[in-house]
Amino acid sequence: RGLGDVYKRQVLSIAAIDNNDWTIVQKMISPDRNIELNISCPNIGSHDDTTTFENFDLFPERMRNEWCIVKVPPTASNNLLDKIVDMGYNQIHASNTLPSEKGGLSGKVLVPHTLRLIDYIKNTHPHVEVIAGGGVSKRYHAQYYRNYGADHVSLGTVCFTPWKINAIIAPDK
């Protein structure tokens with residue numbers, strides 16, 4: 001495959017800080033990209049929900065590639081999830097990090113939050129694809145999320161120890 005194929009498969013993860021950032025992003029990024037819109041980044045400490053920022057609601061119609069994902073906070077309310085789906089988003093990544101004094105907490109602390117989000121989304125909006133993340137350091141963690149209803153699993157913290165990744169993603173023998 002050529003570089004064009006690789007480009008089409010990559011997912012660009014983006015966060016907004018200022019009210020006009022989603023507008024700027026739409027001008028800068030081709031509608032043929034795969035994107036993940038991170039609506040709550042505890043590392044910047046200023047916003048819990050950037051879905052209210054200008055033109056956030058335009059991404060589902062504008063983007064033409066396979067992925068237009070919204071990454072939600074672990075504390076996302078059912079109302080926020082409903083709002084995202086009502087805007088036309090069909091892919092939700094559950095979940096981002098938990099706010100802490102030093103930025104964001106990730107890992108196993110996210111599991112109960114992610115399970116709650118999967119449960120709500122799959123029971124209320126079964127057409128929405130859920131990407132589950134948080135605490136996946138072993139193959140059985142990923143399988144647990146899949147068994148719970150997640151369509152896909154995201155690897156985060158484990159990537160800091162890349163030699164552990166293959167044991168999670170390698171095909172069964």
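Predicted model: local features only at pLDDT ≥ 70, side-chain atom pairs only at ≥ 80, totals over all residues.
Local features here need pLDDT of at least 70 and side-chain atom pairs count only at pLDDT 80 or more, while totals for chains, interfaces and linings use all residues. Residues are numbered from 1 along each chain as its sequence is written, and side-chain values use heavy atoms, with hydrogens and water left out.

Let us start with the sheet. Six strands, in the order E1-E2-E3-E4-E7-E8, form an open sheet with parallel pairing. Helices (H or I, at least four residues) and strands (E, at least two) are DSSP runs, numbered from the N terminus, and two strands pair if DSSP finds at least two bridges between them. At the edges sit E1 and E8, each of which pairs on one side only. From one strand to the next, the twist averages 25°. For a look at one pairing, take E4 and strand E7 (residues 129-133), which run in the parallel sense over 4 bridges. Ile-92 has Val-130 in E7 as its bridge partner. Helix H5 packs on this sheet and touches E3, E4 and E7, and its direction makes about 175° with that of E7. Such axes are lines fitted to C-alpha atoms, for helices over the stretch in contact, and the angles run from 0 to 180 degrees between N-to-C directions. Contact here means heavy atoms within 4.5 Å.

Now move to the inside. In soluble globular proteins, nonpolar side chains tend to be buried together. The largest nonpolar core of this model has 38 residues, and Trp-22, Phe-59 and Val-72 touch the most other members. Helix H5 (residues 111-124) gives the most to this core, with 5 residues. A nonpolar core is a set of buried Ala, Val, Leu, Ile, Met, Phe, Trp, Tyr and Cys residues joined through side-chain atoms within 4.5 Å. Buried means under 20% relative accessible area, exposed means over 50%, and partly exposed is in between (1.4 Å probe, protein chains only).

Leaving aside residues up to four places away in sequence, its contacts include Ile-14, Leu-37, Asn-38, Phe-53, Asn-55 and Phe-59. Trp-22 is one of the buried residues of helix H2 (residues 21-28), together with Asp-21, Thr-23, Val-25 and Gln-26. These buried residues pack against strand E1 (11-15), strand E2 (34-38) and helix H3 (59-62).

The C-alpha atoms of Phe-53 and Ile-39 are separated by 9.7 Å, the two residues being 14 residues apart along the chain. Asn-55 has its place in the loop between E2 and H3 too, but is partly exposed at 26%. The phi of Asn-55 is near 70°, a positive value in a residue other than glycine.

Another loop to visit is the one between strand E4 (91-94) and strand E5 (98-100), where Asn-96 has its place. Asn-96 is buried, with a relative accessible area of 5%. Its side chain makes a polar contact (a pair of N or O atoms within 3.5 Å; within protein, one must be able to donate a hydrogen and the other to accept it, and residues adjacent in sequence count only if both atoms are side-chain atoms) with the side chain of Asn-38, at 2.8 Å. Ser-95 lies in the loop between E4 and E5 as well, and the peptide bond from Ala-94 to Ser-95 is cis, with omega near 15°. Most residues other than glycine have a negative phi, and most peptide bonds are trans.

Finally, how many salt bridges does a search of the whole structure find? There are 3, a salt bridge being a side-chain nitrogen of Lys or Arg within 4 Å of a carboxyl oxygen of Asp or Glu. Arg-64 and Asp-32 form one, with their closest N and O atoms 3.0 Å apart. Arg-64 is in the loop between H3 and strand E3 (68-72) and Asp-32 in the loop between H2 and E2, so this pair ties together parts 32 residues apart in sequence. Lys-83 pairs with Asp-49 at 3.9 Å between the closest N and O atoms, linking helix H4 (residues 78-86) to the loop between E2 and H3. In the salt bridge of Lys-122 with Asp-151, the closest N and O atoms are 2.7 Å apart.
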